[in-house]
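Please read them with the coordinates open.

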Amino acid sequence: MLENLNKRFLINEILVDLGNLSVQVGGSCRSIEAKHAALLRLLITNHGEVVTRELILNTLWPGTIVSDNSVSQLVAQLRRLLDDSPTDPKIIKTVPRLGYQCIAHVERAPTLLEHIEEVSRGRGVQFALLGFLAGAAITLAGFAITQYWQQRGEVKAINTTRITSAPGAELFIRFSPNGKYLVYSYLADGADQFDLAVYDLETKTTHTIKSSGYSEESASWSADGKWLIYSRSDPVSCEIRALDVKGPVEMWRLARDTVLDTCNSAQDSAPWLPYNNNQFITKVWDKDGAYLQSLNVSFAGSAPKVIHKTALPIRDVTHYDVKFHSLLYQIKEQGVFLANLTNLNNIARTHTQIADKTYTAFSLGDVPGSVILAANQIEKVHGANKQLLYASFGSVTEIDFHANTEVSAHTEGVAEINYYQLELSDQGKGKQTQLTSPSRMDLLATLSQDGLHFVYASIAAKNEGFSKFELWHKYAYRPTSSLLGTMPEGETPVLLLLSPSSEYLAVLSKSNKVYLVSSFTKEVKKIIDNFSDVASLRWSSDSRSLRYQAKLSGDADWQNWLFDISQGRSEQAHTTNVSRLSLAAKNQSFKDYQEQVQDFLIAKLASMFDVEQLRVSLSLYQPAVYQDGIYFILKRGHQLVLYRYLSASEEIQEIQAVGLHLYADIKELQVLSSFDGSKVIFNRINNYESDIVLLKQQ
């Protein structure tokens with residue numbers, strides 16, 4: 001059983017990470033000793049069966065004479081570690097005169113990478129992790145490359161090497177042009193800025209080349225491998241810098257460093273990828289979003305400098321890769337495209353669509369036109385030929401493939417998303433309290449107007465290819481949450497809406513169905529179906545009816561409807577001009593609601609904050625509108641800071657820092673507020689851990 005769970009799994013609500021020898025019990029992280037981990041592994045491997053004391057002695061103390069009391073002491077210590085009771089066991093049951101039995105519910109822990117695409121509300125949010133993002137087995141990329149090489153006709157063994165394993169995160173991987181070095185950024189355990197490192201594939205040693213107190217990210221190489229180009233940022237500044245790496249790698253940390261360009265620290269860093277000796281492709285942002293840009297750089301003289309920039313007609317880009325004169329890029333909600341960079345003027349007219357879906361990672365292959373795509377499965381695409389290489393439960397965060405050396409590198413990782421509450425004092429400060437279990441992914445929630453009832457959608461592990469979405473209710477004066485119900489298989493919630501009385505919960509799904517959940521019966525019932533689009537959901541003040549707009553087909557007009565709870569059916573309602581409703585009366589189901597909130601805040605804040613910073617931050621976190629204003633979170637470097645806009649005085653108040661955001665591809669997190677603004681709830685990414693795995697053909 002343990003082999004199917006990998007090294008990260010759930011025992012009831014306890015998250016166990018055997019790879020890091022840790023457990024999370026009741027929101028606290030505890031270390032677990034190797035002997036306790038071995039006992040736990042033995043019990044779970046024989047789940048439901050009696051494990052005799054003799055088997056425990058022979059397995060944990062082979063060839064050693066120890067007393068039978070050693071088993072009793074070890075079991076007692078493990079129980080204390082897991083908060084389990086010998087008199088009322090939930091995990092380890094004593095079987096008199098025989099041994100012990102694991103009676104807990106055990107399942108693989110969900111990963112951020114595994115589920116984020118399904119709950120992205122149809123907006124093409126892609127993951128890496130954390131994503132960032134279960135533990136570290138051979139990843140999909142490794143299997144994909146293995147299969148890829150085997151498909152080429154000669155079956156050879158693949159050597160797999162994990163080159164990083166320390167606590168923290170490693171990201172932004174890129175091979176040098178000659179394949180000798182792999183540059184990456186790493187975040188040490190407890191740190192809040194990335195440092196820059198290089199792994200030497202020949203000597204198998206790692207060199208830290210930048211540890212300045214700034215965050216150094218998204219490094220790439222010039223085409224000749226003589227310059228390393230990376231971004232360096234802090235909460236208020238950002239620069240693109242070039243490092244001279246012509247000398248020995250041991251001296252790179254002392255080498256000359258030149259500022260090439262400026263960037264915005266609120267935006268995600270993006271690598272400069274070369275397509276000839278002097279030209280690069282990168283991703284930049286303006287008021288309308290992200291687009292690709294070509295840069296001409298001169299390396300003549302004592303310092304490189306940017307000569308010319310050309311905006312490419314490619315917008316809404318989520319991922320991109322460049323090798324030689326080929327550009328592989330992904331457009332939000334449209335798919336993956338391949339273009340030739342020899343003629344930039346015709347690039348938009350000459351591209352080829354590789355796939356009509358989005359992926360979490362990809363890389364150009366060793367043959368022109370060949371690509372490797374990764375999501376929940378690995379595909380090899382070359383021209384019109386598409387071949388499924390591998391199907392898996394998870395996703396690959398990043399892939400880089402070096403064709404000449406036939407070496408690939410990828411990152412894989414884990415993280416959690418949890419909700420936190422702030423109860424604000426008169427001074428505006430608040431203590432953070434974790435509301436949800438660290439063993440689940442919590443990405444969608446709602447809060448009652450009085451702030452007493454908090455309902456959230458939690459994602460458990462996949463079952464036969466489908467994610468299970470559970471709806472949980474937390475009452476302010478009770479210490480634990482209770483399960484309200486489970487969404488039907490295949491249904492992904494995109495909006496939760498509590499009635500004013502908190503008696504009912506309306507759930508809008510990605511398939512434009514609406515479900516009703518009663519807090520008393522705890523049944524999930526479908527009440528609205530057979531529409532192509534559903535929008536503008538809102539409760540009546542007496543909680544007895546639900547108003548909404550719907551379309552019978554994609555090209556039909558919007559119609560106003562009302563679902564009456566007492567009658568159990570919908571009927572057409574009088575026309576209502578929903579555009580006249582205040583922002584406080586609207587929610588995410590209203591057309592262009594998020595854009596309206598963003599535009600309102602940008603108009604009010606443009607004189608105090610950078611407009612591009614505002615757009616990036618407001619796209620990352622949905623603001624919370626309440627009776628006196630709006631709560632919003634701004635990203636300053638990697639730090640997240642909570643602010644409040646007060647409508648009456650048009651005053652902006654900085655509340656406090658609420659955490660870090662270290663992973664670029666996670667979007668659409670939430671801020672929630674009670675109607676009077678006294679309680680604020682938000683979710684954030686926690687405990688991001690990732691490693692780099694190297695795959696080389698023997």
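How many bridges join strand E26 to strand E27, and do the two run parallel or antiparallel?

1. In this predicted model, strand E26, spanning residues 361-364, is joined to strand E27, spanning residues 370-374, by four bridges, and the two strands run antiparallel. Within this pairing, the residue of E27 that partners phenylalanine 362 is leucine 373.

2. The hairpin that E26 and E27 form has five residues between its strands, and glycine 369 adopts a positive phi near 90 degrees there.

3. In a regular strand, side chains alternate between the two faces of the sheet.

4. A search of the whole structure returns one disulfide, which links cysteine 238 to cysteine 263 with an S to S distance of 1.8 Å. Cysteine 238 belongs to strand E16 (residues 238-244), whereas cysteine 263 sits in the loop between strand E17 (257-262) and strand E18 (273-274), so the bond ties together parts that are 25 residues apart in sequence.

5. The torsion about the S-S bond of cysteine 238 and cysteine 263 is about -80 degrees, and the disulfide is therefore left-handed.

6. The two partners fall into separate accessibility classes: cysteine 238 counts as buried because its relative accessibility is 10%, under the 20% cut-off, whereas cysteine 263, at 30%, counts as partly exposed. Cysteine 102 is also buried, with a relative accessible area of 3%.

How values were computed:
Residues numbered from 1 in each chain as written. Predicted model: local features only at pLDDT ≥ 70, side-chain atom pairs only at ≥ 80, totals over all residues. Heavy atoms only, no water. Buried < 20%, exposed > 50% of the residue type's maximum accessible area, 1.4 Å probe, protein only. Pairing = 2+ DSSP bridges. Disulfide = S-S within 2.5 Å.
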